[in-house]
Amino acid sequence: MIQWLRDNRTAAIILTVLRVYLGYTWFMAGIGKVTGGFETAGFLNGAIGKAEGAHPAVQNWWAVFLETVALPNHELFTFVVMWGEVLVGLGLIIGLFTNAAALGGIIMNFAFLFSGTISTNPQMVLLTIFVLIAGVNAGKYGLDRWVLPLLQKQVIGIKNRRLAHQ
């Protein structure tokens, strides 16, 4: 299965559909936040409140992180969430730095899940796992097809120049 995801042309087409769907979902969520006056303080306080009771939806260690790190820096977290969603969405839609975008997306999904928000996060995590396992094949029908070989060529050129000077 893993080999098929990483090498098969049909898998690349299916992954493109999944990638664009995930990208659209992230992009629209991010644009909604950027244009809608999004602020994380209320969300963070709500998540911290879910760490109480007999069966907390938020684990204590995560609530401590939210209360001591995220909440005091909620302006930074607001910026990172809004623009992170937009950039992850764009990266996945156009297939540019697909694996990095997918990794950024799944990290946000887990942060939302840790904060007690279910919504579409489990579905997005599952689909993103396929994109991540597929590696380069997930961006085969995107800008990665051209950008990654150019970057690889540049890196190899830099390494060769360094070796020549030694």
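A residue is buried when its relative accessible area is under 20%, exposed when that is over 50%, and partly exposed in between. Keep that in mind on this tour of a predicted model.

Stop 1: Select Phe65. Its relative accessible area is 29%, so Phe65 is partly exposed. Trp62 has 12% relative accessibility, so it counts as buried. Both residues lie in helix α4, three residues apart, about one turn of the helix.

Stop 2: The whole structure holds eight aromatic pairs.

**Stop 3: a pair between helices.** Select Trp26 and Phe112. Their ring centres are 6.4 Å apart and the planes meet at 40°, so this pair is tilted too. Trp26 is in helix α2 and Phe112 in helix α6, so the pair ties together parts 86 residues apart in sequence. Are they buried or exposed? Trp26 is buried, at 4% relative accessibility. Phe112 is buried as well, at 15%.

**Stop 4: the largest pocket.** Helices giving two or more residues to the lining include α2 (9-35) and α6 (98-114). The pocket's volume is about 540 Å³. Its lining has 18 nonpolar, ten polar and two charged residues.

**Last stop: a charge over a ring.** Select Lys33 and Phe38. The charged end of Lys33 sits over the Phe38 ring, 5.3 Å from the ring's centre.

Key: Residues numbered from 1 in each chain as written. Predicted model: local features only at pLDDT ≥ 70, side-chain atom pairs only at ≥ 80, totals over all residues. Heavy atoms only, no water. 1 Å grid on protein atoms, 1.4 Å probe; cavity = no way out; pocket = protein on both sides within 12 Å on 5 of 7 lines; lining within 4 Å. Points joined across faces, edges and corners; volume = space filled by probe spheres on them. Helix = DSSP H or I, 4+ residues; strand = E, 2+ residues; numbered from the N terminus. Nonpolar A, V, L, I, M, F, W, Y, C, P; charged D, E, K, R; others polar. Phe/Tyr/Trp six-rings, centres within 6.5 Å; stacked < 30°, edge-to-face > 60°. Buried < 20%, exposed > 50% of the residue type's maximum accessible area, 1.4 Å probe, protein only. Lys NZ or Arg CZ within 6 Å of the ring centre and 35° of its normal.
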